[in-house]
Every structure is written in structure tokens, then in C-alpha cells.
Amino acid sequence: MTIETPSAFLERHDEAVLDDLRSLLAQPSISATGEGIDDCATLVRQSCLEYGFDEAEIVETPGRPTIIAHAFADGEASEDESTVLLYGHYDVQPATATEWESPPFEPTLRDGPDGEARLYARGAGDNKGQWFAHLCAVRALRETTGVPTDVILLIEGEEESGSEHLEWLVRDRRDELDADVAFVADGPIDESGRPHVLLGSRGLLYVDIEATGANRDLHSGNFGGPVPNPATAVVELLASLRDETGQIALEGFHDDVRPLTDRDREILEAIPVDEEAVKADLGLSALATDTDDEYVERLLCRPNLNVAGLDAGYDGEGMKTVLPSRARAKIDFRLVADQDPDDVFDSLSRHVEERAPAGIDVTLSRVAAMAPQRTSADSPVVEPALRAVREGWNVDPILKPSLGGSVPTYVFADTLDVPCLVVPYANADENNHAPDENIALACFRAGARTTVALLEELSDADLE
């Protein structure tokens, strides 16, 4: 008797799988408002059980519920099997229907700009479509050659709101979530169209700065000069955060930055990037790099300070000679391996306190924080992951030391003490967080094949 291959099973059930994915995408699950969250959590649990998981539980947290599901290689837990932890999130960003070509919660199949079939819906790429590929892989293995490793699936409901309770949950359920490797399918593939394997992600610290002066807006002619200006104070504070070379000037900021190894630099040099194409696409005459500060290194392995927003005084047409009573700025730091958001916020607080001008009250509000994480390029999970992605996509993947953005991989690396990899399954133009979010069916199918191959590869790998 010939045993059907997992790939053949996936192909044979493709239409039914897409129907199930549409049902999942049609269910709103907006963490910011709570709309549809509980109903979606119930649907996720039900889907896990229908797709071959042995157990699935809705776990209540102080915030939105999380689903934890287990698929055992032998039908029951065993200490002899390798264990792979798969992470995703079922919550999505809000969506304004009038900005979409088709309603955001009415999944629509149509051709994308490249002429290839895509499924359009909020959450298609970020992140329901990506983790649903894991379910497809587990069912394909369960119905054919067998699940080769123990699998833990953790699907949270707060990622779009900062994953506020994820670390608490993983610590609380640490024994149940014990694994050999954590694997995250989130974000887009490389702009080149090739998949990539990311060894981690940069961290994040987001801070609001508010400066207040007089108790009301004033006429700049009648009061300007002797009355301190909050807008000027904010601008000068922002300017003081960088030194004359452009480096971030907070005391101790660079002390804990993990140095790049020779292997890290080899990986960076192998990453294809066309800086001229980037400038042309963005309409820029120059990038903020030089010969000693390469584009890819600065994007993936260097910390950064970004001014995300400024608000003060009058910005309408014509003129209004106002001395504003208040000014605000929003800034975000992208942090790299071994930097601590708590330490950075403390240093920023001291910096601002020392430089706040007389007559101006400056308040810092910590909005969000996420620690960075980077798995060593020499980890034994890297080569099996590269082989799995190559098999799933039928093309050589690009290995990268980090994601430029931030996902909560640090939770698994720090709390569970396991290597963690990020392998996106969505197309580069998935429009995540934007109107007409989508996932290319070719990417979704490649993702399911990749998870199949990953579980098979890791079952034979020496992960010690």
C-alpha cells in the first residue's frame, strides 16, 4: 500500500482548506476594541482539533485569551520526542471598510498586481493566514506519514496591542510550553520574492514626550522671549539625543550592544540589496548611511532612534503668531541583541531631567516595550530550518541575523531558553496593517509545505 505524501494531501485538500481559511478570516478579532475576540478564540480552538491536534485549550489571561494546542507524535506526550513550539496571533488591526476594494471581513479571492491569486481580508497575512498554514501541515502529516515531532501551537490575542501578557502567560505555563525550538511565521518575505530565515528581531521602546509651559497659548509678540517655549524645548531635547556624529547620545546606550561575529558579517554581506532601487522607490536623493555604515547592517543589527510624531502650536494655513503652551513628541527606539528597554528608558529619563529648561515641565510616558532577541548563527536549528524553507519554496532562502521590526521572540528565547527563528510566509506586499491586506495563495501553500518539512527536519536533528 502506497502512503500518500503530505504534499499530495495538501494539494488534494486545497479547496477545502481555503474555505476553512475564509471562515477564519471572516471572523473579526480586533484586540484594540475587543470586537469578535471571544468568538474567534473559540473558532481557533475548534480549528486546531479539526486539523489534527490532540488537545486545544483556551487560556484566559488578564487581557485577551490565548489558545494552546498540542499535537503529539505518538498520540500522547513523550520525553523522547523533539518538541517544536509554533507561535502566531489571531488578533488583527482595525479596518475601515470604505478604504478597501472589498469588505475587510468578507474574504475575497482575486488576482493581485502580479496577476497571481490572492486572498484579500484583514488578517490574511497578519497573521491568520500564516499560522493556519501550520494547522494544514499538522493535518497533512497526521493523515499521511505521521507527525514526526511533538508540536505546541501558541496563538495569542494581543500581538497587535503589544503582546502585553504574553511573557506572563509563557512564564505561568512554562512546563507545558517546554520545547527545543520556537518558530514564528510572521511578516513578509524578502522584497526580492525569496523567502528568508531570520535569527531574531530588533526590540522596541516607544515613548511619549510632553512639555508644558504657560497655562495657555500666548501671543508671541507680547510674551515671546521671556516666556519659555515648550516647542523649542522639545526640539532641543530631541536634537540632544544624538551627538555630532549622529550616534545616539544616551549614557550607556551602546554598552550592551552585542558585537557582530565574523559569521554575522558573512551573513550580512550575502544579503542582496539594491540601494539605488530603494532610493528610487522612496524618491530619495540619499540614504542615511556611509561607507562604514552599510544599509543592511544599520537596518538589521544597529539600534535606531526614530521621531515618530511632533505636535505643537499652529499648523494651519497662513500665520498665527502663537507661543504654544504645550508640545508633544513620539519617539521609538529599535534595539538590538542584549539591549534592555528598561535600561534605555531609565537613561532617557535621566537625560531629559538634566536638560529640561527652567519653566518647562517635561513628562515621559512609556507606551510600549519589547526586548530584542537574536539566535546564534551557529545554532543547530539553523541549517534544518534553511533546508525546510528551501524544500517548501523550491528556492534558496536568504539568511538574515534579525528582523528590522519587532516581534516577541525574546519571550521564548529568554523564558524557555530555546533558539527562536522567524520565517515569514506572507508575500512582500501583503499590506499588513493597511487597506486590502492579502496573502498570495502561492505563499500560503509554500508556508504549509515549509512547516511539514520543518517538523520532519527537526525530528532528525541533534538540537543539543
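**Entry 1: second largest pocket**

I looked up the second largest pocket, which holds about 480 Å³ of space. The model is predicted, and local features need pLDDT of at least 70, side-chain atom pairs count only at pLDDT 80 or more, while totals for chains, interfaces and linings use all residues. I number residues from 1 along each chain as its sequence is written, and side-chain values use heavy atoms, with hydrogens and water left out.

For the record, a pocket is an open set of points on a 1 Å grid over the protein atoms alone, where a 1.4 Å probe fits, with protein on both sides within 12 Å along at least five of seven lines; lining residues have an atom within 4 Å of a point. Grid points are joined across faces, edges and corners, and the volume is the space filled by probe spheres set on the points.

I found 30 lining residues here, with M370, A371, P372, Y410 and D414 nearest the centre. β15 gives the largest share of this lining, four residues. At least two residues each come from α11, β15, β16 (373-374) and α13 (409-415). Helices (H or I, at least four residues) and strands (E, at least two) are DSSP runs, numbered from the N terminus. I sorted the lining into 13 nonpolar, eight polar and nine charged residues; Ala, Val, Leu, Ile, Met, Phe, Trp, Tyr, Cys and Pro count as nonpolar, Asp, Glu, Lys and Arg as charged, and the others, Gly among them, as polar.

**Entry 2: largest pocket**

I then took the largest pocket, with a volume of about 1,500 Å³. P188, L299, L403, G404 and G405 are the closest to its centre among 47 lining residues. β8 (196-198), β10, α9 (275-282), α10 (295-300), β14 and β15 each supply at least two residues of that lining. By class I have 22 nonpolar, 13 polar and twelve charged residues.

**Entry 3: the sheet with β15**

I traced β15 into an open antiparallel sheet of four strands, in the order β12-β14-β10-β15. β12 (304-312) and β15 (361-370) are the edge strands, each pairing on one side only. Two strands pair if DSSP finds at least two bridges between them. Neighbouring strands are turned by 15° against each other on average, direction ignored. Angles run from 0 to 180 degrees between N-to-C directions of axes, which are lines fitted to C-alpha atoms, for helices over the stretch in contact.

β10 (residues 203-212) is joined to β15 by nine bridges, and A211 has V362 as its bridge partner in β15. Helix α7 (residues 230-240) lies across β10, β12, β14 (326-335) and β15, at about 15° to β14. Helix α11 (residues 341-355) lies across β10, β14 and β15, at about 170° to β15.

**Entry 4: strand β6**

I looked up burial along β6 (residues 150-156): seven of its seven residues are buried, buried meaning under 20% relative accessible area with a 1.4 Å probe, protein chains only. D150, I152, L154 and E156 point one way, and V151, L153 and I155 the other. β2 (residues 66-71) runs antiparallel to β6 over five bridges, and A69 is partnered with L153. β3 (residues 83-89) runs parallel to β6 over seven bridges, with H89 opposite E156.

Key:
Contact means heavy atoms within 4.5 Å. Buried means under 20% relative accessible area, exposed over 50%, partly exposed in between (1.4 Å probe, protein chains only).
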